[in-house]
Amino acid sequence: MGNGNFDGNDLVHAFSALGAGIAVCSGIGTGIGQGNAAGLGAQAVGRNPGARGTIMSTMLLGQAVAETTGLYGLVVALLLMFVKPFDN
Amino acid sequence: MFIGGPSLGMPTLQEADFYIHELYPVNFFGTTVHITTTHVCTVIVVAALMILTLFLRHAFFKAEREGRMTTASTIVEMGVDMLTNFVETALGKKGAKKYINYIGVIFLFIFFSNVSGILGLRPPTADYGTTLCLALVSFVMIEYADIRYNKWNMVKGLFEPFPLFFPMNVISIFSTPLSMSLRLFGNILGGTVLMALYYGMLPWFAKLGVPAALHVYFDVFSGAIQTYVFCMLTVTFVADKRGVE
(Lines give C-alpha, C1' and ligand atoms only; values in the text may rest on other atoms or scores of the structure.)
Protein backbone atom coordinates (compact mmCIF):
# COMPACT_ATOMS: atom_id res chain seq x y z
CA MET A 1 0.00 0.00 0.00
CA GLY A 2 1.14 3.49 -0.70
CA ASN A 3 4.13 2.68 -2.90
CA GLY A 4 2.23 2.44 -6.15
CA ASN A 5 2.24 -1.36 -6.34
CA PHE A 6 -1.02 -3.24 -6.49
CA ASP A 7 -1.58 -6.93 -6.06
CA GLY A 8 -4.63 -9.05 -6.81
CA ASN A 9 -6.10 -8.63 -3.36
CA ASP A 10 -6.25 -4.84 -3.67
CA LEU A 11 -8.14 -5.23 -6.89
CA VAL A 12 -10.57 -7.61 -5.19
CA HIS A 13 -11.14 -5.08 -2.41
CA ALA A 14 -11.68 -2.26 -4.86
CA PHE A 15 -14.23 -4.19 -6.87
CA SER A 16 -15.92 -5.44 -3.70
CA ALA A 17 -16.45 -1.84 -2.64
CA LEU A 18 -17.75 -0.98 -6.11
CA GLY A 19 -20.07 -3.99 -6.04
CA ALA A 20 -21.37 -2.99 -2.62
CA GLY A 21 -22.17 0.46 -3.96
CA ILE A 22 -24.03 -1.02 -6.91
CA ALA A 23 -25.87 -3.50 -4.67
CA VAL A 24 -27.44 -0.83 -2.49
CA CYS A 25 -28.96 0.73 -5.62
CA SER A 26 -31.77 -1.74 -4.93
CA GLY A 27 -32.86 0.87 -2.41
CA ILE A 28 -34.20 2.98 -5.29
CA GLY A 29 -37.07 0.59 -5.98
CA THR A 30 -37.81 0.21 -2.30
CA GLY A 31 -37.93 3.96 -1.84
CA ILE A 32 -40.31 4.43 -4.74
CA GLY A 33 -42.54 1.60 -3.55
CA GLN A 34 -42.68 2.72 0.06
CA GLY A 35 -43.28 6.33 -0.89
CA ASN A 36 -46.09 5.26 -3.17
CA ALA A 37 -47.68 3.23 -0.38
CA ALA A 38 -47.34 6.09 2.11
CA GLY A 39 -48.82 8.60 -0.34
CA LEU A 40 -51.79 6.39 -1.12
CA GLY A 41 -52.21 5.69 2.59
CA ALA A 42 -52.38 9.43 3.31
CA GLN A 43 -54.93 9.80 0.52
CA ALA A 44 -57.03 6.99 1.96
CA VAL A 45 -56.95 8.56 5.43
CA GLY A 46 -58.03 11.86 3.86
CA ARG A 47 -61.01 10.19 2.24
CA ASN A 48 -62.00 8.08 5.22
CA PRO A 49 -60.49 9.32 8.48
CA GLY A 50 -62.51 6.77 10.46
CA ALA A 51 -60.53 3.87 9.06
CA ARG A 52 -57.20 5.30 10.12
CA GLY A 53 -56.07 2.30 12.16
CA THR A 54 -56.80 -0.29 9.50
CA ILE A 55 -55.21 1.80 6.76
CA MET A 56 -52.14 2.35 8.91
CA SER A 57 -51.56 -1.33 9.60
CA THR A 58 -52.22 -2.34 6.00
CA MET A 59 -49.81 0.32 4.79
CA LEU A 60 -47.09 -0.74 7.22
CA LEU A 61 -47.49 -4.37 6.19
CA GLY A 62 -47.23 -3.51 2.50
CA GLN A 63 -44.23 -1.29 3.10
CA ALA A 64 -42.49 -4.00 5.09
CA VAL A 65 -42.95 -6.48 2.27
CA ALA A 66 -41.75 -3.92 -0.27
CA GLU A 67 -38.72 -3.26 1.89
CA THR A 68 -37.47 -6.84 1.57
CA THR A 69 -35.84 -6.39 -1.84
CA GLY A 70 -33.97 -3.33 -0.65
CA LEU A 71 -32.74 -5.26 2.36
CA TYR A 72 -31.45 -8.07 0.17
CA GLY A 73 -29.31 -5.45 -1.55
CA LEU A 74 -28.15 -4.12 1.81
CA VAL A 75 -27.22 -7.60 3.04
CA VAL A 76 -25.25 -8.29 -0.14
CA ALA A 77 -23.44 -4.96 0.24
CA LEU A 78 -22.59 -5.66 3.87
CA LEU A 79 -21.31 -9.11 2.96
CA LEU A 80 -19.09 -7.65 0.28
CA MET A 81 -17.75 -4.93 2.55
CA PHE A 82 -17.21 -6.74 5.83
CA VAL A 83 -17.26 -10.50 5.33
CA LYS A 84 -15.16 -10.20 2.16
CA PRO A 85 -16.08 -13.54 0.54
CA PHE A 86 -13.71 -13.07 -2.41
CA ASP A 87 -10.56 -12.55 -0.36
CA ASN A 88 -7.71 -14.94 -0.84
CA MET B 1 -10.11 -1.72 5.21
CA PHE B 2 -9.55 1.39 3.24
CA ILE B 3 -12.10 3.99 4.18
CA GLY B 4 -10.24 7.02 5.41
CA GLY B 5 -7.15 5.23 6.54
CA PRO B 6 -4.23 6.36 8.69
CA SER B 7 -2.72 8.36 5.83
CA LEU B 8 -5.63 10.80 5.87
CA GLY B 9 -5.42 11.23 9.61
CA MET B 10 -8.90 9.80 10.02
CA PRO B 11 -9.98 6.89 12.17
CA THR B 12 -9.99 3.57 10.33
CA LEU B 13 -12.88 1.21 9.95
CA GLN B 14 -11.40 -1.08 12.58
CA GLU B 15 -12.60 1.40 15.16
CA ALA B 16 -16.18 0.97 14.00
CA ASP B 17 -17.11 -1.99 16.14
CA PHE B 18 -20.23 -3.81 15.10
CA TYR B 19 -18.82 -7.29 14.70
CA ILE B 20 -19.91 -10.35 16.65
CA HIS B 21 -17.03 -11.08 19.00
CA GLU B 22 -16.10 -14.59 20.02
CA LEU B 23 -15.61 -14.51 23.76
CA TYR B 24 -15.04 -18.03 25.13
CA PRO B 25 -14.32 -21.21 23.17
CA VAL B 26 -16.58 -24.10 24.11
CA ASN B 27 -16.11 -27.72 23.17
CA PHE B 28 -19.36 -28.94 21.63
CA PHE B 29 -19.19 -32.66 20.76
CA GLY B 30 -15.71 -32.39 19.31
CA THR B 31 -16.07 -29.10 17.46
CA THR B 32 -15.05 -25.80 18.97
CA VAL B 33 -17.82 -23.24 19.06
CA HIS B 34 -17.71 -19.86 20.72
CA ILE B 35 -19.83 -18.04 23.23
CA THR B 36 -20.38 -14.83 21.30
CA THR B 37 -21.62 -11.33 22.02
CA THR B 38 -25.04 -12.43 20.83
CA HIS B 39 -25.33 -15.06 23.55
CA VAL B 40 -24.33 -12.64 26.27
CA CYS B 41 -26.73 -9.96 25.02
CA THR B 42 -29.56 -12.48 24.65
CA VAL B 43 -29.06 -13.60 28.24
CA ILE B 44 -29.04 -9.98 29.42
CA VAL B 45 -32.22 -9.18 27.48
CA VAL B 46 -34.02 -12.30 28.71
CA ALA B 47 -32.92 -11.67 32.30
CA ALA B 48 -34.16 -8.08 32.11
CA LEU B 49 -37.45 -9.27 30.66
CA MET B 50 -37.88 -11.87 33.39
CA ILE B 51 -37.19 -9.39 36.15
CA LEU B 52 -39.56 -6.87 34.59
CA THR B 53 -42.38 -9.36 34.08
CA LEU B 54 -41.99 -10.87 37.56
CA PHE B 55 -42.10 -7.39 39.03
CA LEU B 56 -45.17 -6.44 36.97
CA ARG B 57 -46.89 -9.71 37.90
CA HIS B 58 -46.24 -9.12 41.57
CA ALA B 59 -47.43 -5.52 41.34
CA PHE B 60 -50.51 -6.49 39.35
CA PHE B 61 -51.67 -9.15 41.78
CA LYS B 62 -50.92 -6.93 44.73
CA ALA B 63 -53.07 -4.19 43.22
CA GLU B 64 -55.76 -6.79 42.46
CA ARG B 65 -55.79 -8.00 46.07
CA GLU B 66 -56.03 -4.50 47.43
CA GLY B 67 -58.68 -3.64 44.85
CA ARG B 68 -57.10 -0.46 43.55
CA MET B 69 -55.28 0.73 40.47
CA THR B 70 -51.57 1.40 40.46
CA THR B 71 -49.27 2.46 37.62
CA ALA B 72 -47.95 -1.07 37.15
CA SER B 73 -51.37 -2.68 37.04
CA THR B 74 -52.57 -0.09 34.53
CA ILE B 75 -49.55 -0.80 32.33
CA VAL B 76 -50.24 -4.55 32.45
CA GLU B 77 -53.92 -4.07 31.62
CA MET B 78 -53.19 -1.70 28.75
CA GLY B 79 -50.58 -4.02 27.31
CA VAL B 80 -52.78 -7.09 27.49
CA ASP B 81 -55.68 -5.10 26.02
CA MET B 82 -53.60 -3.89 23.07
CA LEU B 83 -52.23 -7.37 22.45
CA THR B 84 -55.69 -8.93 22.57
CA ASN B 85 -57.04 -6.33 20.14
CA PHE B 86 -54.10 -6.84 17.81
CA VAL B 87 -54.48 -10.61 17.65
CA GLU B 88 -58.30 -10.65 17.66
CA THR B 89 -58.69 -8.35 14.66
CA ALA B 90 -56.81 -10.87 12.53
CA LEU B 91 -57.70 -14.22 14.06
CA GLY B 92 -61.10 -13.73 15.66
CA LYS B 93 -61.98 -14.44 19.28
CA LYS B 94 -61.60 -18.22 19.13
CA GLY B 95 -58.34 -18.29 17.27
CA ALA B 96 -56.80 -15.50 19.32
CA LYS B 97 -56.81 -17.63 22.48
CA LYS B 98 -54.44 -20.14 20.93
CA TYR B 99 -51.91 -17.74 19.54
CA ILE B 100 -51.93 -14.81 21.93
CA ASN B 101 -49.26 -16.27 24.21
CA TYR B 102 -46.81 -16.89 21.42
CA ILE B 103 -47.38 -13.49 19.84
CA GLY B 104 -46.97 -11.76 23.21
CA VAL B 105 -43.71 -13.53 23.99
CA ILE B 106 -42.24 -12.95 20.56
CA PHE B 107 -43.33 -9.32 20.63
CA LEU B 108 -41.66 -8.65 23.97
CA PHE B 109 -38.47 -10.50 23.08
CA ILE B 110 -37.99 -8.88 19.67
CA PHE B 111 -38.88 -5.42 20.95
CA PHE B 112 -36.52 -5.59 23.90
CA SER B 113 -33.79 -7.06 21.71
CA ASN B 114 -34.13 -4.26 19.19
CA VAL B 115 -34.23 -1.53 21.80
CA SER B 116 -31.25 -2.97 23.70
CA GLY B 117 -29.02 -1.21 21.17
CA ILE B 118 -29.81 2.02 22.98
CA LEU B 119 -28.07 0.70 26.11
CA GLY B 120 -24.90 -0.14 24.21
CA LEU B 121 -25.59 -3.83 23.80
CA ARG B 122 -25.28 -5.42 20.40
CA PRO B 123 -28.92 -6.29 19.59
CA PRO B 124 -29.37 -10.09 19.53
CA THR B 125 -31.63 -9.64 16.51
CA ALA B 126 -28.65 -8.27 14.56
CA ASP B 127 -27.37 -11.84 14.39
CA TYR B 128 -28.84 -13.99 11.64
CA GLY B 129 -28.88 -16.99 13.98
CA THR B 130 -31.47 -15.35 16.20
CA THR B 131 -33.80 -14.06 13.51
CA LEU B 132 -33.65 -17.31 11.52
CA CYS B 133 -34.72 -19.27 14.62
CA LEU B 134 -37.57 -16.85 15.31
CA ALA B 135 -38.73 -17.07 11.70
CA LEU B 136 -38.47 -20.87 11.72
CA VAL B 137 -40.66 -21.14 14.80
CA SER B 138 -43.24 -18.90 13.12
CA PHE B 139 -42.89 -20.91 9.93
CA VAL B 140 -43.55 -24.22 11.70
CA MET B 141 -46.59 -22.66 13.37
CA ILE B 142 -47.93 -21.34 10.05
CA GLU B 143 -47.45 -24.68 8.29
CA TYR B 144 -48.97 -26.56 11.23
CA ALA B 145 -52.06 -24.35 10.98
CA ASP B 146 -52.15 -25.04 7.26
CA ILE B 147 -52.05 -28.83 7.73
CA ARG B 148 -54.43 -28.76 10.68
CA TYR B 149 -57.15 -26.63 9.13
CA ASN B 150 -56.83 -27.34 5.42
CA LYS B 151 -55.89 -31.05 5.57
CA TRP B 152 -55.76 -32.34 1.99
CA ASN B 153 -56.65 -29.01 0.49
CA MET B 154 -53.15 -27.94 1.46
CA VAL B 155 -51.60 -30.58 -0.82
CA LYS B 156 -54.14 -29.73 -3.50
CA GLY B 157 -53.24 -26.06 -3.11
CA LEU B 158 -49.68 -26.85 -4.15
CA PHE B 159 -50.87 -27.81 -7.61
CA GLU B 160 -53.00 -24.74 -8.22
CA PRO B 161 -53.82 -23.06 -10.54
CA PHE B 162 -52.37 -25.98 -12.56
CA PRO B 163 -49.73 -28.67 -11.84
CA LEU B 164 -46.93 -26.81 -13.60
CA PHE B 165 -46.93 -24.33 -10.70
CA PHE B 166 -45.83 -26.96 -8.16
CA PRO B 167 -42.14 -25.89 -7.92
CA MET B 168 -43.10 -22.25 -7.64
CA ASN B 169 -45.59 -22.95 -4.86
CA VAL B 170 -42.97 -24.95 -2.93
CA ILE B 171 -40.47 -22.11 -3.30
CA SER B 172 -43.03 -19.57 -2.16
CA ILE B 173 -43.68 -21.65 0.99
CA PHE B 174 -40.00 -21.74 1.88
CA SER B 175 -39.40 -18.10 0.99
CA THR B 176 -41.66 -17.07 3.88
CA PRO B 177 -39.18 -17.77 6.72
CA LEU B 178 -36.30 -16.48 4.59
CA SER B 179 -37.90 -13.12 3.90
CA MET B 180 -39.24 -12.77 7.46
CA SER B 181 -35.85 -13.43 9.04
CA LEU B 182 -33.90 -11.35 6.53
CA ARG B 183 -36.24 -8.39 6.96
CA LEU B 184 -35.77 -8.22 10.72
CA PHE B 185 -32.06 -9.00 10.49
CA GLY B 186 -31.36 -6.50 7.73
CA ASN B 187 -33.19 -3.65 9.42
CA ILE B 188 -31.55 -4.08 12.79
CA LEU B 189 -28.11 -4.83 11.38
CA GLY B 190 -28.35 -1.78 9.14
CA GLY B 191 -29.09 0.40 12.15
CA THR B 192 -26.29 -1.21 14.18
CA VAL B 193 -23.73 -0.75 11.40
CA LEU B 194 -24.71 2.87 10.82
CA MET B 195 -24.50 3.67 14.54
CA ALA B 196 -21.11 1.94 14.82
CA LEU B 197 -19.82 3.85 11.79
CA TYR B 198 -21.09 7.09 13.28
CA TYR B 199 -19.45 6.44 16.63
CA GLY B 200 -16.24 5.04 15.19
CA MET B 201 -15.42 7.35 12.34
CA LEU B 202 -16.37 10.89 13.27
CA PRO B 203 -14.46 13.40 15.41
CA TRP B 204 -15.53 13.87 19.01
CA PHE B 205 -17.67 17.01 18.56
CA ALA B 206 -20.00 15.19 16.19
CA LYS B 207 -20.83 12.74 18.97
CA LEU B 208 -22.52 15.36 21.16
CA GLY B 209 -26.29 15.20 21.02
CA VAL B 210 -26.74 13.97 17.47
CA PRO B 211 -26.43 10.23 18.30
CA ALA B 212 -29.42 10.57 20.61
CA ALA B 213 -31.67 11.39 17.64
CA LEU B 214 -30.09 8.60 15.59
CA HIS B 215 -30.66 6.13 18.43
CA VAL B 216 -34.29 7.15 18.66
CA TYR B 217 -34.72 6.54 14.96
CA PHE B 218 -32.65 3.39 14.41
CA ASP B 219 -33.23 1.59 17.71
CA VAL B 220 -36.61 2.67 19.00
CA PHE B 221 -38.62 3.67 15.91
CA SER B 222 -37.21 1.14 13.46
CA GLY B 223 -37.12 -1.55 16.14
CA ALA B 224 -40.75 -1.01 17.10
CA ILE B 225 -41.88 -1.01 13.46
CA GLN B 226 -40.01 -4.21 12.71
CA THR B 227 -41.37 -5.90 15.84
CA TYR B 228 -44.88 -4.93 14.80
CA VAL B 229 -44.30 -6.15 11.27
CA PHE B 230 -42.90 -9.51 12.38
CA CYS B 231 -45.84 -10.18 14.70
CA MET B 232 -48.32 -8.85 12.15
CA LEU B 233 -46.95 -11.10 9.42
CA THR B 234 -47.07 -14.17 11.67
CA VAL B 235 -50.66 -13.42 12.66
CA THR B 236 -51.69 -12.62 9.09
CA PHE B 237 -50.17 -15.79 7.65
CA VAL B 238 -51.77 -17.96 10.34
CA ALA B 239 -55.13 -16.25 9.78
CA ASP B 240 -54.70 -16.80 6.05
CA LYS B 241 -54.19 -20.52 6.60
CA ARG B 242 -57.05 -20.87 9.08
CA GLY B 243 -59.51 -19.24 6.77
CA VAL B 244 -62.14 -16.65 7.66
CA GLU B 245 -64.27 -17.49 10.66
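This is a predicted model: local features need pLDDT of at least 70, side-chain atom pairs count only at pLDDT 80 or more; totals for chains, interfaces and linings use all residues.
The C-alpha trace of chain B spans about 65 × 65 × 40 Å along its principal axes.

Chain B contains 6 helices and 2 strands.

The strands form a hairpin. Strand β1 of chain B, residues 22–28, runs antiparallel to β2(B) and is joined to it by 6 bridges. Within this pairing, B:V26 stands opposite B:V33 of β2(B). The hairpin has 2 residues between its strands, and in it B:F29 adopts a positive phi near 50°. Strand β2 of chain B, residues 31–36, is hardly covered. Of its 6 residues, the number that are buried is 0, where a buried residue has 20 or more other C-beta atoms within 10 Å of its own.

Turn now to the contact between the chains. Chain A contributes 13 residues and chain B contributes 15 residues. On the side of chain A that touches chain B, the largest share comes from helix α3 of chain A, residues 52–83, which supplies 11 residues. Sorted by class, that side of chain A has 8 nonpolar, 4 polar and 1 charged residues.

Conventions: Residues are numbered from 1 along each chain as its sequence is written. Chains are lettered from A and ligands numbered from 1 in the order in which they are written. Two residues are in contact if their C-beta atoms, placed from the backbone, lie within 7 Å. Helices (H or I, at least four residues) and strands (E, at least two) are DSSP runs, numbered from the N terminus. Ala, Val, Leu, Ile, Met, Phe, Trp, Tyr, Cys and Pro count as nonpolar, Asp, Glu, Lys and Arg as charged, and the others, Gly among them, as polar. A residue is buried if 20 or more other C-beta atoms lie within 10 Å of its own, exposed if 12 or fewer, and partly exposed in between; C-beta atoms are placed from the backbone. Two strands pair if DSSP finds at least two bridges between them.
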